[in-house]
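Below is what I looked up, in the order I got to it.

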Amino acid sequence: MADIASQVIDLIIDITGEEEIGSYRDDDLFEEEVLDSLGAIELLVSIREEFGVSIAPTELERSEMNTVNKIIARIQERL
């Protein structure tokens, strides 16, 4: 799990430039304006490339993938 978490955090940092993302893993990334719709799509593409996990943007509600920990959980469910 730690490896997946660090990989996800690295992906989010690459997309957002938010270096401290690992410090607030339960904060809403959209409410904090760390991610927007375009960033979310970029993240989904990166997740597919990095983990081989495909998550369609319409498949989940935003509230199911709005924190770092929820994103990690969704990936773990599909591995």
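Before anything else I needed to know what counts as a helix here: helices are DSSP runs of H or I with at least four residues, numbered from the N terminus. I also kept in mind that this is a predicted model.

**Entry: Thr 67**

I went to Thr 67 and found it in the loop between helix H2 (37-51) and helix H3 (68-78). Is Thr 67 buried or exposed? Its relative accessible area is 5%, and the cut-off for buried is under 20%, so I wrote down Thr 67 as buried. Next I checked what its side chain reaches: the backbone nitrogen of Lys 70, at 3.0 Å. Leaving out residues up to four places away in sequence, I listed what Thr 67 touches: Arg 25, Asp 26, Asp 27, Asp 28 and Leu 29.

**Entry: the nonpolar core**

How many residues does the largest nonpolar core have? I got 26, and Ile 21, Ile 47 and Ile 71 are the ones with the most contacts inside it. The elements that give two or more residues to this core are helix H1 (2-16), H2 and H3. H1 provides the largest share, seven residues. I noted the general background too: in soluble globular proteins, nonpolar side chains tend to be buried together.

I then followed up on Ile 21. Not counting residues up to four places away in sequence, Ile 21 touches Ile 9, Ile 12, Ile 13, Leu 29, Val 34 and Val 68.

**Entry: the buried side of H3**

Which residues of H3 are buried? I listed Val 68, Ile 71, Ile 72, Arg 74 and Ile 75. Looking down the axis of H3, I saw these buried residues fall within an arc of 160°, so they line one face of the helix.

**Entry: Ser 46**

Ser 46 is in helix H2. I put it down as buried, because its relative accessible area is 15%. Skipping residues up to four places away in sequence, I found that Ser 46 touches Leu 11 and Ile 15.

**Entry: three spots in the loop between H1 and H2**

I started with Gly 17, which lies in the loop between H1 and H2. Its relative accessible area is 47%, so Gly 17 is partly exposed. I also looked up a distance: the C-alpha atoms of Gly 17 and Arg 78 are separated by 26 Å, and the two residues are 61 residues apart along the chain.

Gly 22 lies in the loop between H1 and H2 as well. I have it as partly exposed, at 33% relative accessibility. From Gly 22 to Asp 10, twelve residues apart along the chain, the C-alpha separation is 8.9 Å.

Then came Glu 33, again in the loop between H1 and H2. What is the phi of Glu 33? It is positive, about 60°, although Glu 33 is not a glycine. I jotted down the background for that: most residues other than glycine have a negative phi. Glu 33 counts as exposed because its relative accessibility is 71%.

**Entry: rings**

How many aromatic pairs does a search of the whole structure find? I came back with zero. I did find a charge over a ring, though: the charged end of Arg 62 sits over the ring of Phe 30, 4.0 Å from its centre.

Conventions. Residues are numbered from 1 along each chain as its sequence is written. This is a predicted model: local features need pLDDT of at least 70, side-chain atom pairs count only at pLDDT 80 or more; totals for chains, interfaces and linings use all residues. Side-chain values use heavy atoms; hydrogens and water are left out. Buried means under 20% relative accessible area, exposed over 50%, partly exposed in between (1.4 Å probe, protein chains only). A polar contact is a pair of N or O atoms within 3.5 Å; within protein, one must be able to donate a hydrogen and the other to accept it, and residues adjacent in sequence count only if both atoms are side-chain atoms. Contact means heavy atoms within 4.5 Å. Rings of Phe, Tyr and Trp (its six-membered ring) pair if their centres lie within 6.5 Å; planes under 30 degrees apart count as stacked, over 60 as edge-to-face and the rest as tilted. A charge sits over a ring if NZ of Lys or CZ of Arg is within 6 Å of the ring centre and within 35 degrees of the ring normal. A nonpolar core is a set of buried Ala, Val, Leu, Ile, Met, Phe, Trp, Tyr and Cys residues joined through side-chain atoms within 4.5 Å. The arc is that of the directions from the helix axis to the C-beta atoms.
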